[in-house]
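Please open the structure in your viewer and keep the selection panel at hand.

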Amino acid sequence: MIAFEEAISLVLDTCKGFGVEQVPLKESFGRVLAEDIFADRDFPPFHRATKDGIAINYDAITKSLEEFRIIDIAAAGSPQKELLDFSCCIEIMTGAVLPLSADTVIMYEHLKIKGEDAVVQKPVKKGQNIHRKGSDEPKGTTVLKVGKKITAAEIGVLASVGKSEVLVKKNPKVCLVSTGDELVDVIETPMAHQIRKSNVHTIEATLLREGIRSESVHIKDDKEITKSKLIQLLNNFDVLLLSGGVSKGKYDYLPEVLEDIGVEKVFHKVKQRPGKPFWFGQHKEKEVTVFAFPGNPASTFANYHVYFIPWLNKCLGLSTIEFTVILEEAFENSTDLTRFIRAKARIVAGKLKCNLILGNGSGDLTSLSKANGFVLLKSNKEYKSGAIVPFIATRSIL
Ligand code: AMP
Ligand code: MG
């Protein structure tokens, strides 16, 4: 049995990428960029009016001219006009190209329109209300770098530079495997000795948050069936996320079967609660990583967030956000196990505080829904109220 710190570092040591692929812009949300993105033209591509009003040449103002004859109108989307006579102005709309020879825009709110003339009501500064060509990004600059996670803001940038297809890092192909003869499908009515499967559905949902559509299979507690099913899965997936069958029970075949079929054990059992019987290994030749979590829902859920998410992020070149919270109650961890205790963090006067949700052991599913993460509490340590502890979020804390 190894310590948690060693386990997480062994897991992270196995990280590797899964290649790249080209996807349509619409499907790139949440993915990680695998190419640098350059400005294909100046941003903005022309001197652009930022207000509705009139475009003038500032020289006229220096000559104390306050009244301009309106001779034309420049709308957004129309080609550039030219201001030939500086005693005149061209009405201009936000987003329109500044007319040639104009250098200043005065907004309607600072004007009085009298028939065909615009009379200036407020002091004017040369160059005002113009978003200058190339002032955001000149043509050719790198606007997004490899490794950037594509959020709504990046989608806008990609669209602006004409990327209808984007090169992104491939996500792993993940198969969720539940084990256990006591488990039935969600649509079934369990008999007295049975329970409905939940782990697969929980993990399926959390993977969707990462943009990964997983597949799932169920394996009976039978050694030969387990072996043949897992051999098939090793040929078709990058990651197997298993739940159940890794403890000391008579029907917990996974550790033995996994090694039999060539998955090299990196470790089995970690000094932690919940999730102690976690088995982790790799099939080197087939390049498959196997996370075999104990089946108790809280164990699977905690281990998924503690190990799989940082592993996935590192494989994709992303960092996992680590943050701490202020514990609002005292807690003594008198065990030699690292504890992951369900907790509810919330912002109080700008500070992140948290309360523990002491559920009913690792089988207690409903208390997971009251929490928004786990606090990590070290072995044999007494925590006072106000202690600062690491927090592993399982959902948004806002
Ligand atoms: P195991 O790790 O196989 O010994 O299972 C530990 C406990 O978790 C048992 O009570 C199982 O019934 C339960 N369990 C295992 N797999 C699942 C699952 N996929 N969904 C819900 N409970 C499960
Ligand atoms: Mg089982």
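A polar contact is a pair of N or O atoms within 3.5 Å; within protein, one must be able to donate a hydrogen and the other to accept it, and residues adjacent in sequence count only if both atoms are side-chain atoms. This is a predicted model, in which local features need pLDDT of at least 70 and side-chain atom pairs count only at pLDDT 80 or more, while totals for chains, interfaces and linings use all residues. Residues are numbered from 1 along each chain as its sequence is written, chains are lettered from A and ligands numbered from 1 in the order in which they are written, and side-chain values use heavy atoms, with hydrogens and water left out.

Select ligand 1. A backbone N or O atom of Asn199 lies 3.2 Å from one of the ligand's nitrogen atoms. Next, display Ser198, where a polar backbone atom is 3.0 Å from a nitrogen atom of ligand 1. At Gly295, a polar backbone atom is 2.8 Å from an oxygen atom of the ligand.

Now move to Phe43 and Pro44, which are joined by a cis peptide bond with omega of about -10°. A second stop of this kind is Arg273 and Pro274, where a cis peptide bond has omega of about -5°.

Select Asn129, a non-glycine residue with a positive phi of about 60°. Finally, select Glu287, which is not a glycine and has a positive phi of about 55°. For context, most residues other than glycine have a negative phi, and most peptide bonds are trans.
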